[in-house]
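Hi,

Here is the structure I promised to pass on to you. Please open it beside this email, and my notes follow below.

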Amino acid sequence: MKIQSVSNYITAPQFTANTESGKPDKKVIPENIEEKNKGYSGKQLSGAVVAAALSAAVLGGAVMHGKGQKVIRQLTSENSELQRSTSILQESIDDGVRQIEKLSTANKSLVNDNNSLKKINKELQDEIQKAKDKLQDLFEGDIAPKNVRDAIYNKYKTEINKGKLSYDVETPPISGRTMPTVYEDAIELPTVSGTTNRIGMRDLDIPEVSADGRFEYKLPTSAEMQITHMQSKDFKPVKNQLTNITESYADSVQWNNDKIARDVMQNFYDGHGQTLDGIQMTFEPVANGKYKVRIKGDSTYTVDKAVYIGESTKRDNAKAAGNYGEGLKMSVLKLLKDCGADEVKIGSDNWKLTYNLQKGDLSDKRVLAYSLDKVDKFNGNYIEFETSDKNLLETFRKTINRFYHSNNTHFRCPDFENDLIGVKLLKSGDKGGLYIAGQRFEYDNDFDGLNDIVVFIKEKPPVDILDPSRDRTSLNSNQLEKIAEWLARESRMPQEDKAKLLKALEPYWDKKSFSDDSPVDAFLTRFLLYAGGDFKGDLHIKFPSNYVAYSQSSNDVVRELRKNGYRVCKDYFSKLGMQTIHDLMGDARTHEIVIPDANQTKKILILKEALNNLSNSLKGKHFDPEELDAKIYLFSNKGNKDKKLYSDTMAEAIIDRGTSKGFWIDRDFLDSNNLSEVLETALHELSHKAGGDETAEFSYKLTDVNRDVITQILTDVQTRNKLQALNKLWDEISSNNIVSSAA
C-alpha cells in the first residue's frame, strides 16, 4: 500500500446493490458510531453501492419497452385481444413504477448511509492524524531524569551498534497464500486400483497368412456368445436387380482396407453378442492370381438387412458396433470397385444374395446390382468374395484383435472398469487402442494411435458426442475430449467410480508442457474440467497434502516443489479440491531487494526494539509474538524494477493468510523520516492483517492499535523513557547520514 498522507490510511467503505431483487444488499453499519470513534474502536463496517437509482431506471425502461413492443405487434389482432394485451401492459407498467418507487426509496437510504460513512471516515482520519501527532509529541518529550535518560540511551547505543538482524534480509517471506477450498462432500481418493476382470484371457495363437495366401482360423467359442437368430421371412427370388447406387458412390468415403475389414467383421461381432468368439475365417488362392475369402458366423438375419440401407438390427442397441446398415453395403461396393472382386456373396438362414456391378439403364456408369435366391435353411451366415489384393488378407487377420473377443488381452485385468468405461495401462511403448462398443477406432489415423493405454467405452456415446455415421473416420483430440465430458457429466457413473477412474489414470496427472500432452492427457483434462465445479460438476476428492495443482508459476518453483517431494498435477485438479501452487506458495516477490547499509541496519534494529517495548499493549490482543518480531525488508521505489508500479509506495505489508509476516519499507523513507513517523507506519502495515486500505476492518484495527499504544506510552513511564532514548539515537543516526552525504 502507499503511504503519502493521512488520507491514504482510510478510504470510505464501498456499497454494493442487489439489482435482481431490487433491494439494497446492505451490510451492518456499526452501532454507536460516535461512541466507537471516540474510543478508537469499532465493529465491522460495510454497505452497498449507490447504484440503485440507475438500476431502477434500467429496470423500469426494460419493462416498458418489452411490453410496448408486444402491444405494437398485437395492433392488427382482434379488438378483444388488444384490450387484454393493453391490460397486461398497464399492469406491467404499474409494477415497473412501483419497483422504481421502491428502488428510489432504497437509493435515498443508501445515499444517507453513504454520507454517514463519509462522515465516519473523516472522523477516523482525524483520529489517526491526532494519534500521529500525539506520538510525535511523546517521542520528542524529555521528562526523565538525566541519569536515567543517559543510562537507557547508553545501553541502547551499545546494543544497537553491536546488534545484527536475526533474519535473512535477502529472502523475504512469500505472501498471498490462500487456504484451498474444503468441501464437506469430498470423498477419499481410492488407495487401491486395478481389477482381476477376465484374468483368464490368453493371447490367441493366430497363424500367419501363408506365402500363397492360405489361411484358416476359427476363434474359440465361449459362454459369452449370445447368438442372434431372426425369424425367417418368405420372399420372391430376384435376378439382376439394379440399385440406384453407382460405382462412383464408393468414392464418397475415404475407406482403405482397414475400414472395409472393420465393417465386414462388425456384422459377425454384433451377431454373436458383441464378441468375435466362434467366427471362422478362411483364405485360399484361386485362379487368375486371386484369393477366395470366406468368413462365417453362427447368427442368422433376414435378407432385408443385407439389401436396404437404413435397415439394421443394431440401431437401438447402444452396445452394438453397427447402426444404420450402411457399413456392409459400402464394404460390398468397395470390394467390387477397388479390391478386384467380381461378385460378393452374402447368405443366411434361407437366402443367398449375390452383389455385382452392372451397366445401368440411365447412363453408362455401372451400378450396384444383386440377385436373391432361396436356399436350404441353415443356421449361420457368411460373406464370400474373391480379391486380387493380398494385403487385404493380412488386414482381415489383424482385424480379429480390433474387436472384443474372449481372448483379446487388451481387455484383461483393466486398471478400472464399470458399466460404461474401462481403462488399462500398458508398459511404456506398448501399442494400445481406443474401443467403442467393443470395436477399435482409429485415433489420429492409426488403429494403434493410443500408446501405452487401452480405453474401451462400452456403448456408443450419444449422437451429439460422436456421430455413428457410416464413415466412422479417425477420431481426433476434440472428439476424445467430448467423450470425456460426456462421462464426467454422466449421472449413471457414481462419484466413487469417477474417483477410481482418475486413480487409474494417475500416471497422467503430472503437469506437462502443452507440446508434450498425449491424447490421454487431453481426455483427462476435459474430464477434470467437467467433473469439478465450473460446469456444475460436484466431484470433490481429498487429495494427499503433497499433491498440488499447477497454477501460474515459474519453472524454478515447479522444480523446487518436485525436489521437495511435491507432486505437481494438472491445473484442473484444483476444481476437485486439490490445493494449488498459489495456495501453497503464495505470490512471487514483488520488490527488488535493497541490502541495508550499517546505519539502515541500526534504524531497523531501533524500530524492532520500539515494537518490542510496545508489546504489553499489542501482544495477544492485536498481534502474535512472531508478528511483533517483525521482519523488515528494504526496497527502493526509484529502482528499475519498482519505479513503474511503486514510485509512490513508501511501505507495503507482507500478509499471508491473515497473518503479518513483516513489511517492506522504502529506503529513502527510512532514511529521511523520524522514528515516530516510521513506527506509526510499521503499526499501519502490521494492522493490514485485518484487511486492505479500503476495508472497515483495517480502519478500526489501526485506530485500536494506535489507541492502545498511546495509552501505554502515557501510563507507563518506563516505556516512555525507552522510546525517547531510542528516538534520540535514531536522530543521531539520521544526522550522521546527513553529514556523510554532505562530505
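Let me begin with a charge over a ring: Arg262 lies over the face of Trp255, 5.6 Å from the ring centre. The term applies when NZ of Lys or CZ of Arg is within 6 Å of the ring centre and within 35 degrees of the ring normal. Arg294 sits in this way over the face of Tyr382, at 4.2 Å from the ring centre.

Before you read on, please note that this is a predicted model, in which local features need pLDDT of at least 70 and side-chain atom pairs count only at pLDDT 80 or more, while totals for chains, interfaces and linings use all residues. Residues are numbered from 1 along each chain as its sequence is written, and side-chain values use heavy atoms, with hydrogens and water left out.

Now to the rings. There are 16 aromatic pairs in the structure. Rings of Phe, Tyr and Trp (for Trp, the six-membered ring) pair if their centres lie within 6.5 Å, and the planes count as stacked under 30 degrees apart, edge-to-face over 60 and tilted for the rest. One of the pairs is Trp509 with Tyr547, which is edge-to-face at 6.0 Å centre to centre, with 85 degrees between the planes. This pair links distant parts of the chain, 38 residues apart: Trp509 is in the loop between α10 (495-504) and α11 (519-531), and Tyr547 is in strand β16 (residues 547-549). Helices (H or I, at least four residues) and strands (E, at least two) are DSSP runs, numbered from the N terminus. Trp509 is buried, with a relative accessible area of 0%, and Tyr547 is buried too, at 13%. Here buried means under 20% relative accessible area, exposed means over 50%, and partly exposed is in between (1.4 Å probe, protein chains only).

A second pair to look at is Tyr633 and Trp664, which is tilted, with 5.9 Å centre to centre and 50 degrees between the planes. Again distant parts of the chain are linked, with Tyr633 in strand β18 (residues 632-635) and Trp664 in strand β20 (residues 659-666), 31 residues apart. Tyr633 is buried, with a relative accessible area of 1%, and Trp664 is buried at 4%. Together with Tyr167 and Phe635, Tyr633 and Trp664 form one aromatic cluster.

Next, the helices. Helix α19 (residues 675-687) has 13 residues and reaches 18 Å from its first C-alpha to its last, close to the 18 Å expected at 1.5 Å a residue. The expected span is 1.5 Å times one less than the number of residues. Of the 13 residues of α19, 12 are buried, so this helix is largely enclosed by the rest of the structure. Among them are Leu675, Val678, Leu679 and His684.

How do α19 and helix α20 (residues 696-715) cross, and within what distance do their axes come? The axes come within 9 Å and cross at roughly 140 degrees.

Helix α14 (residues 598-613) should span 22 Å with its 16 residues, and its end C-alpha atoms are 23 Å apart, which agrees. In α14, 12 of the 16 residues are buried, so α14 is largely enclosed by the rest of the structure. These include Ile604, Leu605, Ile606 and Leu607.

Finally, Val568 is in strand β17 (residues 567-569) and is buried, with a relative accessible area of 0%.

Best wishes

How values were computed: Axes are lines fitted to C-alpha atoms, for helices over the stretch in contact, and angles run from 0 to 180 degrees between N-to-C directions.
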